Amino acid sequence: MEFGIQVGNLDWQRLKDVAQAAEALGFHSIMLPDHIVHEGPERQANLDYFSYEAMVKATVLIEATTTIEVGHLVLCNLFRHPAIAAQALMSLDTLSGGRTFIGLGSGWTEREFRMTGIPFPDVATRLRMLDEALTVIRSLLTQETTTFDGEFYHLRDAILHPKPIRKPHPPILLGGSGRGLLRIAARHADLVNVIAETGRPGFIALGEIAKFTDAAYRNKVRFLREEAARHGRDGNVIRVGNVIFSTIITESPDATRAMRDSMAAFFPLPPDGVGQSPWR
């Protein structure tokens, strides 16, 4: 079993400090989200979110550490053309000496697309785009030239040099839950972070969280491995994971109350912490 830590809303110095602490504590990996804004359940936005660019943050973490793996949970495929994503990911891999992984997802936070005007197609289209993007990225990272004529992406004799240090390419991590995403993961992924459904609704819905039981999780993993077998892969070699809330230890009762109140806003609970979460 491997343990990683995801960090997001931190200033630069704190980001480096946390990465170095995680490395010293023996964490296997440190992961970064890829958002312009951060939403909690039911579209609650954190308007003070540090919108630092995900590739830049990964570069800072690589330079601040020496052994821990660095990657994304996950990059939004709609934010970058796969050739540009491949270029950045190759750069991170070579800069780090081969200790990065490729985290990619179809995109889900609808608010980010409404506010920027970036096209946000339906989930079926986004998944087809993700499938093509992964095909393109894998080819650019492993082949001398890439020619691809898909529904969304078109490359002719495309080159990318140098190739990553990790062979054949850094591990691919996909995040999601729906059967469409799991089918894509069965073909491409080395790791899958199985979470509650967000892709179809476009936000973290409490109703979807309520459905994400232990039995539902196991069924999704079983489906992933069965799909992998259909594609001639050993599904048992695809590692699976999940994001959990960790216990937070504070230095004083006042700090505990402040942490409680800040988290209550995302769930949504009264500031005094009294009452049950609405999905219980």
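1. Start with S10, helix H6 (residues 179–188) and S11, which form a right-handed β-α-β unit. Right-handed here means that, with the strands pointing away from the viewer, the path from the first strand over the helix to the second runs clockwise. The helices (H or I, at least four residues) and strands (E, at least two) are DSSP runs, numbered from the N terminus.

2. A quick word on what you're looking at. This is a predicted model, so local features need pLDDT of at least 70 and side-chain atom pairs count only at pLDDT 80 or more, while totals for chains, interfaces and linings use all residues. Residues are numbered from 1 along each chain as its sequence is written, and side-chain values use heavy atoms, with hydrogens and water left out.

3. Now zoom out to the sheet. Five strands make an open sheet in the order S6-S7-S10-S11-S12, with parallel pairing. At the edges sit strand S6 (75–76) and strand S12 (239–241), each pairing on one side only. Two strands count as paired if DSSP finds at least two bridges between them. In general, strands of a sheet pair through backbone hydrogen bonds, either parallel or antiparallel.

4. Which residues face each other around S11? Strand S10 (residues 172–176) and strand S11 (residues 191–194) pair in the parallel sense over four bridges. Leu173 has Leu191 as its bridge partner in S11, and Gly176 stands opposite Val194. On to S12: S11 pairs with S12 over three bridges, again in the parallel sense, and Leu191 stands opposite Arg239 there.

5. S11 is covered on both faces. Leu191 and Asn193 on one side, and Val192 and Val194 on the other, are all buried. Buried means under 20% relative accessible area, exposed means over 50%, and partly exposed is in between (1.4 Å probe, protein chains only).

6. Have a look at helix H5 (residues 123–142) too. H5 lies across strand S7 (102–105) and S10, running at about 160 degrees to S7. For such angles, axes are lines fitted to C-alpha atoms, for helices over the stretch in contact (heavy atoms within 4.5 Å). The angles run from 0 to 180 degrees between N-to-C directions.

7. Most residues other than glycine have a negative phi, and most peptide bonds are trans. The peptide bond from Leu73 to Val74 is cis, with omega near -15 degrees; Val74 lies in the loop between strand S5 (69–72) and S6. Asp157, in strand S9, has a positive phi of about 50 degrees although it is not a glycine. Asp157 counts as exposed because its relative accessibility is 52%.
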